[in-house]
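Here is a short report on a predicted model.

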There are 2 protein chains.
Amino acid sequence: MATAKEEEALPLVLVHRIPNFDFPFKHRLQAQFRLLDPLDSVLPESTHSFISCHAASVRVLLCVDPTPISRHLLSLLPSLQLIVCSSAGVDHVDLIECRRRSIAVTNAGKAFSPDVADLAVGLLIDVLRRVSAGDRYVRAGLWARNGEYPVGFKLGGKRVGIVGLGSIGGEIAKRLESFGCAIAYNSRRKKPSVPFPWYKAVYDLAINSDVLIVCCALTEETRHIVNKDVMVALGKEGVIINVGRGALIDEKELVQLLVRGELGGAGLDVFENEPDVPEELFSLNNVVLSPHCAVTTPECFDALEELITANLKAFFSSKPLLSVVEFD
Amino acid sequence: MATAKEEEALPLVLVHRIPNFDFPFKHRLQAQFRLLDPLDSVLPESTHSFISCHAASVRVLLCVDPTPISRHLLSLLPSLQLIVCSSAGVDHVDLIECRRRSIAVTNAGKAFSPDVADLAVGLLIDVLRRVSAGDRYVRAGLWARNGEYPVGFKLGGKRVGIVGLGSIGGEIAKRLESFGCAIAYNSRRKKPSVPFPWYKAVYDLAINSDVLIVCCALTEETRHIVNKDVMVALGKEGVIINVGRGALIDEKELVQLLVRGELGGAGLDVFENEPDVPEELFSLNNVVLSPHCAVTTPECFDALEELITANLKAFFSSKPLLSVVEFD
């Protein structure tokens, strides 16, 4: 245990989290950083009053899970230079204000990418080959009673369009190539180092794909990036996988198309109003519903701790940050 | 439509199948081969009497699905030189008698391998990341009521032991390498062209693996190749995937270990007494049950038709067969 004086000497990091967000590696971080966590305070003071009290000296904010970071909160921290986020998406941070004030933001996508990619591939195989639906069929005792389960669809040869080829999209592409899928992608700009065909518009990507995998960041520009037109372009046998954020898809339209049989299937780890999931989906066999668990494996939390620690150390020793969010 | 005379001139192929096994591409095969199918016969004669009537001239038998081919049946066909099987496994054929009489046997593993490998990977991701169980959780409305679903396990870094590195095992290895798994295998002989560690004994493979994927052929030697000792060696967090045949695993022991929590999980597409599945498994969340559908995609049937046609053509034009089963 560090003495009070030793603790004083550690670099100061303000923790920002709503009460039900916890981070299990907090005590290990405390060996290296002086963590100011308003939720540790025994006084009945509000988060904001706690923050105000320490505000002048705080250069780094550690944001746990998607705890909102508003322009108002940022205005209380005049010395802030860095926000270290423990999430992959950073749509809960006012990035416009961060850019204006030159506050750097790091995310944890790198720690999560392999796990998210694994789940995306798992959901895709599940939808195409009807794994969860087949499991239900067996558990209901229908195999012995009704005979063979209807056939699914082959993964090999499918044209897979990836919406957002960041570190998650890249990991997905690497995996699906080994299954013999043809990869294409959509992103704001063509990536010179990537061999796959690029489509400037998601609509054009959808027209040329059998499967859309949505894994881009949620911003004002990408909200409902997969709208009704895109889904209709994907076609009646088209499959949508979403491991990004629920609001990337117009969920109301998605549900309608699925219910009417105008879309082939969907594998969804995220929803617009989590944990509420549209009940119309519960009876569909061509849909796999996952309770936002793309990034919840123990190994993933280890990688997260490592990345957060590395970003904090880099900042305090004036070295390059490891996972900076690009503003544009 | 060929005239009767033209039809007479086509190479003769005897079809062997039990009544509920059908092959949808039969009419296309009939354009190239004269198919003798006892089930087409309008007379109430038995399969055996039908076969006897044509027996002397038959050189090729097309065996649909796992219709049993016994020593007795073979004794009725003195001129038989080739059995073309429409299945991947050939445990329904008396291979000892075939070897003795130098009857070649072809299987359809090559047509099925990619699909079987896809399902094996899908089942593995499903068990580790609890996809089907998570889907049940959401559909039951428990996400909103009970909160986050328990975390799963990461696929990357897992040591995967493949039991039987034939064409299916090879396809599985190729896929799992892209997820960052460490592959090892067991087979009768070490394969010189394969870079993965080889274990002569399945037990030793299990000791050194987190996951066992069972995809070898079922023979007298491989029946219950995954016995209690092997499963105990795999350990309490070990996962077993079976896309081979049910009897490759001692199912009774498997069920006991799973029920007692002495095995981490299982993804099973095959069972010892299909379509009967041990009901003790129905309530387990670490188990994924699939109604033997590893090879049922439309694309898979196309590949099957192509392979069967190619083997038949090769035989009748004295060219090398495409997928010969090796006896040993």
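## Nonpolar core

The largest nonpolar core holds 110 residues. Within this core, Leu176(A) and Leu176(B) touch the most other members. The model is a predicted one.

What does Leu176(A) touch, leaving aside residues up to four places away in sequence? Its partners are Val121(A), Leu124(A), Leu155(A), Val160(A), Cys181(A), Ile183(A) and Ile213(A).

## Symmetry of the two chains

Chain A superposes on chain B by a rotation of 180°, with 0.0 Å of shift along the axis and an RMSD of 0.0 Å. The two copies are thus related as by a two-fold rotation axis. Both copies use the same surface: 100% of the contact residues of chain A recur in chain B.

## Helix 7 of chain B

Helix 7 of chain B spans residues 131-139. Eight of its nine residues are buried, so this helix is largely enclosed by the rest of the structure. The buried residues are Val131(B), Ser132(B), Ala133(B), Gly134(B), Asp135(B), Tyr137(B), Val138(B) and Arg139(B).

Which elements do these buried residues pack against? In chain A, they pack against helix 6 (109-129), helix 7 (131-139) and strand 12. In chain B, the partners are helix 6 (109-129), helix 8 (142-146) and strand 12 (287-289). Just after helix 7 of chain B comes Gly141(B), with a positive phi of about 75°.

## Helix 12

Helix 12 of chain A covers residues 251-259. Glu251(A), Leu254(A), Val255(A), Leu257(A) and Leu258(A) are its buried residues. Viewed down the helix axis, the buried residues of helix 12 of chain A fall within an arc of 165°, so they line one face of the helix. An α-helix has 3.6 residues a turn, so residues three or four places apart point the same way. The buried residues of helix 12 of chain A pack against helix 11 (228-234), strand 10 (239-242), strand 11 (265-268) and strand 12 (287-289) of chain A. Gly261(A), just after this helix, takes a positive phi of about 75°.

In chain B, Lys252(B) sits in helix 12 (residues 251-259). Lys252(B) is exposed, with a relative accessible area of 69%.

## Domains of chain A

Chain A is divided in two. Domain 1 takes in 4-110 + 298-316, and domain 2 takes in 111-289. The C-alpha centres of domain 1 and domain 2 of chain A are separated by 33 Å. Twelve residues of domain 1 of chain A are in contact with eight residues of domain 2 of chain A.

## Aromatic pairs

Over all chains, the count comes to eleven aromatic pairs. One of them is formed by Phe33(A) and Phe316(A). This pair is tilted: 6.0 Å centre to centre, with 35° between the planes.

Phe33(A) lies in the loop between helix 2 (26-29) and strand 2 (34-36) of chain A, while Phe316(A) lies in helix 13 (residues 298-316) of chain A, so the pair ties together parts that are 283 residues apart in sequence. Phe316(A) counts as partly exposed, at 24%. Ring pairs link Phe33(A), Phe315(A) and Phe316(A) into a cluster.

## Backbone exceptions

Most residues other than glycine have a negative phi, and most peptide bonds are trans. In chain A, the peptide bond from Glu274(A) to Pro275(A) is cis, with omega near 0°. Pro275(A) is in the loop between strand 11 and strand 12 of chain A. In chain B, a cis peptide bond joins Glu274(B) and Pro275(B), with omega about 0°. Pro275(B) is placed in the loop between strand 11 (265-268) and strand 12 of chain B.

Ser102(B) is not a glycine, yet has a positive phi of about 55°. It lies in the loop between helix 5 (95-100) and strand 5 (104-106) of chain B. Ser102(B) is exposed, with a relative accessible area of 62%. Ser318(B), not a glycine either, has a positive phi of about 55°. Ser318(B) lies in the segment after helix 13 (298-316) of chain B, and counts as exposed at 71% relative accessibility.

Notes:
Residues are numbered from 1 along each chain as its sequence is written. Chains are lettered from A and ligands numbered from 1 in the order in which they are written. This is a predicted model: local features need pLDDT of at least 70, side-chain atom pairs count only at pLDDT 80 or more; totals for chains, interfaces and linings use all residues. Side-chain values use heavy atoms; hydrogens and water are left out. Buried means under 20% relative accessible area, exposed over 50%, partly exposed in between (1.4 Å probe, protein chains only). Helices (H or I, at least four residues) and strands (E, at least two) are DSSP runs, numbered from the N terminus. The arc is that of the directions from the helix axis to the C-beta atoms. Contact means heavy atoms within 4.5 Å. A nonpolar core is a set of buried Ala, Val, Leu, Ile, Met, Phe, Trp, Tyr and Cys residues joined through side-chain atoms within 4.5 Å. Copies are superposed by least squares on the C-alpha atoms of residues with pLDDT of at least 70 in both. Rings of Phe, Tyr and Trp (its six-membered ring) pair if their centres lie within 6.5 Å; planes under 30 degrees apart count as stacked, over 60 as edge-to-face and the rest as tilted. Domain bounds come from an automatic or database domain assignment.
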